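Below is a briefing on pockets and strand pairing in one model, written for use beside the coordinates.

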Amino acid sequence: MSGGQEEELRRLREELRAYGRSLDGPEGAAGGGTMAERVLARILAEQMPVPAAVPRSRLRAVRRWARTRRRSLLASLCGLLTVLALTPPVRAAVTDWFGFHGVEVRHDPSAVPSPGGRVPGCAAPVPLEEASRRAGFTPVVPEMLGPPNAVSVGALPHGRSLVSLCWRDDDGRTIRLDQFPGRLDFSFTKTVREQPQWLDVGGQALWFPRPHVLTFWMIDAEGRRFTREERTAGPTLLWSPTGTVTLRLEGVRSRERALEIATSVTGPSDR
């Protein structure tokens with residue numbers, strides 16, 4: 001490199017340094033920092049949000065986990081649908097249900113009632129007037145059956161009472177008529193293998209012609225807590241003459257006979 005070239009290079013360096021000092025300005029010279037340092041100090045002073053950069057490796061890991069998770073959920077869903085579609089016991093256990101005057105009716109074709117079910121009698125009988133006083137409503141007595149052989153009073157959740165009237169038919173079997181305030185919360189649940197029949201007794205009624213599983217409330221041995229009990233119930237008629245008290249007739253095997261008894265009910269069943 002010749003002497004002229006070295007002189008030209010030195011002059012160029014000096015011009016670049018002067019230009020850099022002019023960019024920093026007198027404030028920067030006074031603060032003793034560069035322009036980049038002053039910008040950073042300004043950002044920290046104003047607490048400006050600084051976007052956080054996501055490492056590419058972490059982003060790729062998140063995307064890979066999401067793809068794996070989605071595939072796993074799809075595989076599980078397909079497996080569940082396959083089991084429901086191809087396995088008869090699982091498919092048969094799917095039920096539908098509806099409510100009728102405080103009674104829940106579940107349709108479950110796989111439900112098998114225990115054999116040998118019988119209608120229980122009225123335990124700890126009391127006079128009909130005493131039952132009416134305890135229950136807070138006047139129980140109805142169907143004219144077709146006449147005065148009952150026994151009357152009992154049981155307890156239901158939420159302070160309600162269950163009044164049961166019992167008769168003995170000519171064969172010594174029990175006919176039982178349960179009466180209780182029908183509410184939105186269910187006191188009884190009937191699980192049936194075939195849908196009940198809708199009848200007209202001056203209002204809607206349900207006839208269950210086959211034995212079915214009956215679930216109901218009972219007080220435990222200490223008399224303080226309600227528990228759900230189950231038994232097999234025979235043919236049953238269910239209706240509500242006034243819409244406030246539900247009647248449940250069990251022990252009459254003929255639908256026609258049950259209809260005659262239901263239509264012989266007169267008078268209010270509440271007060």
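The largest pocket is lined by 19 residues, and Leu162, Ser164, Arg176, Phe216 and Met218 lie nearest its centre. The model is predicted: local features need pLDDT of at least 70 and side-chain atom pairs pLDDT 80 or more, while totals for chains, interfaces and linings use all residues. Residues are numbered from 1 along each chain as its sequence is written, and side-chain values use heavy atoms, without hydrogens and water.

**Largest pocket**
- A pocket is an open set of points on a 1 Å grid over the protein atoms alone, where a 1.4 Å probe fits, with protein on both sides within 12 Å along at least five of seven lines; lining residues have an atom within 4 Å of a point.
- Its volume, the space filled by probe spheres set on the points, is about 440 Å³.
- β3 (150–156), β4 (160–168), β5 (174–181) and β9 (212–219) each supply at least two lining residues; strands are DSSP runs (E, at least two residues), numbered from the N terminus.
- β9 gives the largest share of this lining, 5 residues.
- The lining holds 12 nonpolar, 4 polar and 3 charged residues (Ala, Val, Leu, Ile, Met, Phe, Trp, Tyr, Cys and Pro are nonpolar, Asp, Glu, Lys and Arg charged, the others, including Gly, polar).

**Second largest pocket**
- This pocket contains about 360 Å³ of space.
- Its lining of 21 residues has Gly117, Arg118, Val119, Gly251 and Arg253 nearest the centre, and divides into 7 nonpolar, 8 polar and 6 charged.

**Sheet**
- An open sheet of 5 strands runs in the order β1-β2-β6-β9-β10, with mixed pairing (two strands pair if DSSP finds at least two bridges between them).
- β1 (96–100) and β10 (226–233) are at the edges with a single partner strand each, so one side of each has no neighbour in the sheet.
- β6 (residues 188–192) and β9 run antiparallel, joined by 4 bridges; Phe188 has Phe216 in β9 as its bridge partner.
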